[in-house]
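Work through the exercises below with the sequence and the model side by side. Each task is followed by its solution.

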Amino acid sequence: MRVSVNVAMSIDGKIASSLREQLVISGPSDFDRVDSLRAQCDAVMVGVQTILADDPKLLIHDEVLSSDRADRGMPAHPARILVDSVGRTPNNAQVMGKDARTIILLSGAAEEERIQELKGMGATTIVSGEKRVDMESAMTLLKGEGIENILVEGGGELIFTLMEKGLVDELTVYIAPMIIGGRGAPTLADGEGFIDKFPRFSLMKVQEKDDGIVLYFKKILNK
Ligand SMILES: NC(=O)c1ccc[n+]([C@@H]2O[C@H](COP(=O)([O-])OP(=O)(O)OC[C@H]3O[C@@H](n4cnc5c(N)ncnc54)[C@H](OP(=O)(O)O)[C@@H]3O)[C@@H](O)[C@H]2O)c1
């Protein structure tokens with residue numbers, strides 16, 4: 001399993017404002033870069049708060065990239081994986097559309113009735129963990145669904161858990177030349193935060209893009 005995280009953030013490390021609503025941080029050529037990343041993966045993963053805040057489709061925009069995938073025998077769009085302990089994803093969320101496969105990671109706290117409802121709408125459901133999704137066992141179960149290569153697009157709560165479990169292999173960050181501020185505004189990694197055993201990454205590449213920069217990191221072992 002390879003897990004890559006990609007986010008867009010401000011100079012001060014915020015991925016949205018304190019309103020926790022969708023905010024355009026990247027420019028057009030960075031959107032194209034993210035489209036290419038989506039085109040290379042088996043699945044795009046987000047936390048349920050991102051679904052509730054942004055209502056994304058998580059599809060590939062460039063038709064050439066989609067048809068290239070089809071030529072390689074892959075689905076035109078990657079699967080969408082939602083990390084959603086009790087099934088709070090709205091029935092009318094755009095990720096529930098039929099353009100791509102939708103896999104919902106739930107926990108033991110999800111009502112059986114809700115799981116059946118989500119299945120009835122065409123989603124694949126995977127239950128792991130008691131109250132929250134256990135990301136380590138979920139990753140193993142995802143392999144059984146043919147998912148080997150995941151692009152995580154946020155938000156900060158999900159990314160923190162993945163970092164904590166040592167599950168992030170690559171991290172790509174677009175930094176826009178803006179300040180968002182706000183102690184309640186989400187950052188790249190929220191959760192409880194680390195006080196030791198800080199996950200560490202090697203900087204592989206720096207690229208200017210639009211009016212910001214893209215930093216490419218690879219995981220290194222904890223020191
Ligand atoms: N700039 C960017 O690139 C970017 C990208 C994406 C999102 N965003 C922004 O990020 C914000 C949303 O991020 P967020 O940090 O609030 O939420 P999030 O990471 O999108 O979702 C977190 C939710 O996932 C569920 N979850 C289930 N199991 C989990 C586990 N083991 N670890 C972590 N989460 C688990 C929890 O809800 P349940 O308990 O209900 O399951 C949790 O509240 C929005 O404002 C959005 O606009 C920005």
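The model is predicted: local features need pLDDT of at least 70, side-chain atom pairs count only at pLDDT 80 or more, and totals for chains, interfaces and linings use all residues. Residues are numbered from 1 along each chain as its sequence is written.

**Exercise 1.** Give the strand order of the open sheet and identify its edge strands.

Solution. Start with the elements: strands (E, at least two residues) and helices (H or I, at least four) are DSSP runs, numbered from the N terminus. Two strands pair if DSSP finds at least two bridges between them. On this basis nine strands form an open sheet with mixed pairing, in the order E5-E4-E3-E2-E6-E1-E7-E9-E8. Strand E5 (124-127) and strand E8 (200-209) are the edges, each pairing on one side only. From one strand to the next the twist averages 20°, taken between N-to-C directions of lines fitted to C-alpha atoms, on a scale from 0 to 180 degrees. As a detail, five bridges join E2 to strand E3 (residues 79-83) in the parallel sense, and Met45 has Ile81 in E3 as its bridge partner.

**Exercise 2.** Describe the shell of residues around the ligand.

Solution. Next, sort them by element: strand E1 (2-10), strand E2 (43-47), helix H2 (48-54) and helix H6 (156-164) each supply at least two. H2 gives the largest share, five residues. By type, the shell has 15 nonpolar (Ala, Val, Leu, Ile, Met, Phe, Trp, Tyr, Cys, Pro), eight charged (Asp, Glu, Lys, Arg) and nine polar residues (the others, Gly among them).

**Exercise 3.** Is Gln94 buried, partly exposed or exposed, and which is Gly122?

Solution. Count other C-beta atoms within 10 Å, placed from the backbone: 20 or more means buried, 12 or fewer exposed, and in between partly exposed. Gln94 lies in the loop between E3 and strand E4 (102-106). Gln94 is partly exposed because its count is 15. Gly122 lies in the loop between helix H4 (112-120) and E5. Gly122 is exposed, because its count is 11.

**Exercise 4.** Which residues have the most contacts inside the largest nonpolar core?

Solution. A nonpolar core is a set of buried Ala, Val, Leu, Ile, Met, Phe, Trp, Tyr and Cys residues joined through C-beta atoms within 7 Å. The largest has 50 residues, and Leu82, Ile150, Val152 and Leu162 have the most contacts inside it.

Key. A residue is near a molecule or strand if its C-beta atom, placed from the backbone, lies within 6 Å of it.
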